[in-house]
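Hi everyone, thanks for coming. I'd like to walk you through one structure today, so please have a look at it before I start talking.

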Amino acid sequence: MKRRAFVGLAGSALATPSGLHAQANRTVGLLSTGSSIDYLTTAFFKGLSSAGFEEGRNITIVRRSAHGKADRLPELAAELVGQDVSVIFASGGPGPTRAAKAATRSIPVVFAYGGDPVADGLVSSISRPDANVTGATFLGATFTPKRLELLKQLVPGATDVAMIVNPKSTLSEMQLRDARAAIPVLGQTLGIFNAEGGNEIDAAFAEMARRKMSAVLIGTDPGYGLVFRDRIVSLAAQYGLPAIDRKSTRLNS
């Protein structure tokens, strides 16, 4: 199922927790790592609308964003619980869901992100989510070989490919394993660059340029997509590095 459709269904499920219908006024909490992204919020509100909910008429949306400061997530989750929300929609990696799960065992928590919810400790099983947590995962990290293949098609002359990953992310190990397996088949070499936040991302791109890397694959990480995306696009353009992100979108050539 496409991400947009699944998040739309998640919005619909959020709208009717415990089987309640649109006649009752509900309060929904949105908890995110960084700024929301269009496909997610559009699908979310479409799901609410399909269930008969409209913000300002019969539903209240309480928004809380950490703006890239993950250490604020527990505080923000506690604020939502204090607002007596009916459900919490957590997005932007596993952090928001962990914070919400720690803050409440009674309020339903629905997540949507591109990682492995079992490895990230959100649920004990994908087929049977436990406690008050459920959601959708897009497992974008599993497409690393396909993105490398697409990058080669876009930039046939790219021989030395850089890959930037967040070393603290649970997704990094799988992405690196898949990239290292795929890169020899494509006749390329792979350079790994670790970066968690802004200054480290700046330094990583500077080092890529110094080493004359041909192109860069942006690893799947919520911080890269929600907090530092514009910065990464700008750096790719500054250093003239063709780049491809987790949505298989060509950023710069």
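This is a predicted model: local features need pLDDT of at least 70, side-chain atom pairs count only at pLDDT 80 or more; totals for chains, interfaces and linings use all residues.

**A walk through the fold**

Five strands make up an open sheet with parallel pairing, and the order is 2-1-3-4-5. Which strands sit at the edges? Those are strand 2, residues 59-65, and strand 5, residues 133-137, and each of them pairs on one side only. On average, neighbouring strands in this sheet are turned by 20° against each other, ignoring direction.

Let's zoom in on one pair. Strand 1, residues 26-32, pairs with strand 3, residues 87-91, in the parallel sense, over five bridges. For example, Ser32 has Ser91 in strand 3 as its bridge partner. Helix 3, residues 73-82, packs on the sheet and touches strand 1, strand 2 and strand 3. The direction of helix 3 makes about 180° with that of strand 1.

Let's stay with helix 3. Which of its residues are buried? They are Leu73, Leu76, Ala77 and Leu80. If you look down the axis of helix 3, these buried residues fall within an arc of 100°, so they line one face of the helix. Here's the background: an α-helix has 3.6 residues a turn, so residues three or four places apart point the same way. As for what covers the buried residues of helix 3, that includes strand 1, strand 2, strand 3 and helix 4.

In soluble globular proteins, nonpolar side chains tend to be buried together. Here, the largest nonpolar core has 19 residues, and the ones touching the most other members are Leu31, Leu80, Ile88, Val109 and Phe111. Which elements give two or more residues to this core? Helix 3, strand 3, helix 4 (94-103) and strand 4 (109-113) do. Helix 3 gives the most, with four residues. Apart from this core lies another one, of 18 residues, and among them are Ile164, Val216, Ile232 and Leu241.

Most residues other than glycine have a negative phi. Asp84, though, has a positive phi near 60°, and it lies in the loop between helix 3 and strand 3. Buried or exposed, what would you guess for Asp84? Asp84 counts as exposed, because its relative accessibility is 63% and the cut-off is over 50%.

Lys212 also has a positive phi, near 60°. Lys212 belongs to the loop between helix 7 (198-210) and strand 8 (215-218). With 67% relative accessibility, Lys212 counts as exposed.

One last stop: Gly187, in the loop between helix 6 (172-182) and strand 7 (189-194). Gly187 is exposed, at a relative accessible area of 57%. The C-alpha atoms of Gly187 and Thr159 are 7.3 Å apart, although these residues are separated by 28 residues along the chain.

Notes. Residues are numbered from 1 along each chain as its sequence is written. Side-chain values use heavy atoms; hydrogens and water are left out. Two strands pair if DSSP finds at least two bridges between them. Axes are lines fitted to C-alpha atoms, for helices over the stretch in contact, and angles run from 0 to 180 degrees between N-to-C directions. Contact means heavy atoms within 4.5 Å. A nonpolar core is a set of buried Ala, Val, Leu, Ile, Met, Phe, Trp, Tyr and Cys residues joined through side-chain atoms within 4.5 Å. Buried means under 20% relative accessible area, exposed over 50%, partly exposed in between (1.4 Å probe, protein chains only). The arc is that of the directions from the helix axis to the C-beta atoms.
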